[in-house]
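Student: Could you walk me through this structure step by step? I am still new to reading these.
Tutor: Gladly; let us look together.

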Amino acid sequence: MGTLRIMIAKPGLDGHDRGARVLARFLRDSGFEVIYTGCHQTPEQIVRAALQEDVDIVGLSCLSGAHRYLFPRVVELLREQGADDIVVIGGGIIPEGDFAFLSDAGIRAVFTPGTPLEDIAAWIRTHVARDGRETAWTE
Amino acid sequence: MPDKRYETTPRRTLALKSPAGCDGEVAVDIEKETGNCNTQLKRQWEDDVRQTGEGETGQKNRWTTVSDMPVKILYDPGDIENMEYARDIGYPGQYPFLRGNQATGYRGRLWTIRMFSGFGTAGDTNRRWKKLLKEGETGLSAAFDYPTLMGYDTDSPMARGECGKCGVAIDTLDDYLELVAGIPLDRITTSMTINPPATVLWAMYCAAAELTGIPLTEIGGTIQNDMLKEFIAQKTLMCPPEPSVKLISDTIEFGTRYVPRWNTVSISGYHIREAGATAVQELAFTLRDGIEYVDDVIARKGLNVDAFAPRLSFFFNSHIDFFEEVAKMRAARRMWASIMKNRFKARDPRSMWMRFHTQTAGCSLTAQQPYNNVVRTACEAMAAVLGGTQSLHTNSLDEVWCLPSDHAVEIALRTQQIIADETGVAGTIDPLAGSYYVEALTNDIEEQAWEYIRIIDEMGGMRAAIEAGYPQREIAEASYRFQRQMERGDKTMVGVNKYVTSEKIDIPVLDIDEQVEDVQLGRLKAVKRRRNDRDVRTALNNLKSACITGDNVMPLCIEAVKSRATVQEICDVYREVYGEYHDQGIY
């Protein structure tokens, strides 16, 4: 299993980047290859970059409440490009009431405030393999 | 016989009643460390400490502030022995204004209770504002939604999904008129958190006042309008630093001439702190941003510093480490007074006043056990009051999850009222002055903040430092360090890494109806149908000319909003002339 490549992206207009920044750094220090997009990316820009960078995972961070539109849109565009194998996860201010909606839309996991960074890294290692296929869930 | 070493220094003595081990009254020369008697007592205490040993009460290994400044187990006169009251502490209303700008403190005028507020449509927010005023807030504070903050209209593809979620949606003057409908703009001051499009929203406020017959000389308020901290921390971005600063100088010049009661900048540390900076970084970067703006106005507009400095205002965070925050705010006052007097040669004492709004720290609140947040906000609000803030917003307990519900915002409001009317802390000025700990901490924070200012000066100023990524990297380091400390348990967040319960506590959350976007789109379409397109085009062309020639944009901006040009149409002019700036993505 090679080194996993993860893109941490901030879709939409939300500028609250502290969580994304800190996670990006942690994952880099933990041995992942990390690309951080910075703020204000459109779903199109994120998908283009994800394909260019040949990432295994896209992590979307949104604290503005616009996740219900933005997160599924990223998944939709990835599928249009035939990149179904890229695992999409999300984080930020996401009410529990939206988890099922996001899951149905193809977001594999959602990490909310207070989640330890190591838990996110562990989830990724458990659920994603470098060849792009999700490994078996270990619930 | 006077000791010759002290001949040139006035001798001050302190009479102590007989402590254990000393006979009768002892005159202690406080120019010396503490005199024989106190030294004896101190040694005794030090022995007691060694014998007892420091335990693990409170936080594990945490004998530092939340910003990692070391905290001693005890402070005594020795910690402030080099201070002179007149020179270093002084009286309120006198340089260096450490104890406050006004001789009468809060007894003369209480801080403004100013709750940051906005969501949905203009009508929704107008209703919430009226409720807050009725419940006792004394100043308004506008929160705009992300499209508005970023200079986009609701119908922009960039705005999809964002309308009305983080604040009120404003596309045109018609929205703004509904926002302030029924609010007496000559009798209440309004602060607006708005940065790249600050000229536009301020123009709308001015137009709204004029349309209700109120002259610009009679409106008071604040626009945040502090782009340097956007590049550093808050990240509502549009144009590059250089033209952004130019627009800010335009507003300062316009305000100086035509809107004398308006604070045209709120030089902010709040967001710098929220992004993960330490207290020292928050203070230093904020003051250095202020220096950058003052330099620019003087150079670009030729104004005398005393002409505009009295209307510069500031905005600080009040975080959870109680004494660190009080000390930081006191240091801010003394430092700004010195900067104005010594660096900029201001003569008017009002130029030397540090006037600031404070917001309790959003980043200190937890999603877990949300009712604990009421306690955090109360402690932080108390620190802000003891720090002498002129204006205060208290966060609501549910703000980790959503904008405040009616009930939660009421508690936040009552928090300030209880502090003001029940606790007595506002009854005397700067009550923590003279505390060995607080004065020592104020000195330490100040000293470290000067060092950051010196570094940025050497880099060529704040714009140069931003280009080099310096403040952004400092913040990235500090925020990562804090996160690691938290996850190791070196810093505690109750309910998150200590006293954790699996019990879920459900709180009602404010939900922004997805319909708001459709409603707002309808409103925008209607305005575009009604307005005179030629007038709009003329106004935008005139604005564009002003941008190109370097004239002050404000008068043209006011004309543009009156023609019902939209927020984005005006901002697109800025984008076209000045270029766009994108987040560098430093982490």
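Tutor: In strand 10 of chain B, B:Gln359 is the bridge partner of B:Asn317, where strands are DSSP runs of E with at least two residues, helices are runs of H or I with at least four, and both are numbered from the N terminus. This is a predicted model, in which local features need pLDDT of at least 70 and side-chain atom pairs count only at pLDDT 80 or more, while totals for chains, interfaces and linings use all residues. Residues are numbered from 1 along each chain as its sequence is written, and chains are lettered from A and ligands numbered from 1 in the order in which they are written.

Student: How many bridges do strand 9 and strand 10 of chain B pair over?
Tutor: They pair in the parallel sense over five bridges, and two strands count as paired if DSSP finds at least two bridges between them.

Student: And which residue is the partner of B:Ser268 in strand 9 of chain B?
Tutor: That is B:Phe315, and strand 8 and strand 9 of chain B, which run parallel, are joined by four bridges.

Student: What is the strand order in the whole sheet?
Tutor: In chain B, nine strands form an open sheet, in the order 7-6-5-4-3-11-10-9-8, with parallel pairing. Strand 7 (262–263) and strand 8 (265–268) of chain B are the edge strands, each pairing on one side only.

Student: Switching to chain A, what pattern does it follow along the sequence?
Tutor: Chain A follows β-α-β-α-β-α-β-α-β-α, with five helices and five strands.

Student: How many residues of chain A are in contact with chain B?
Tutor: There are 29 residues of chain A in contact with 32 residues of chain B, contact meaning that C-beta atoms, placed from the backbone, lie within 7 Å. Helix 1 (18–29), helix 3 (67–80) and helix 5 (117–127) of chain A each give two or more residues to that side, and the largest share, five residues, comes from helix 1 of chain A.

Technical notes:
Contact = placed C-beta atoms within 7 Å.
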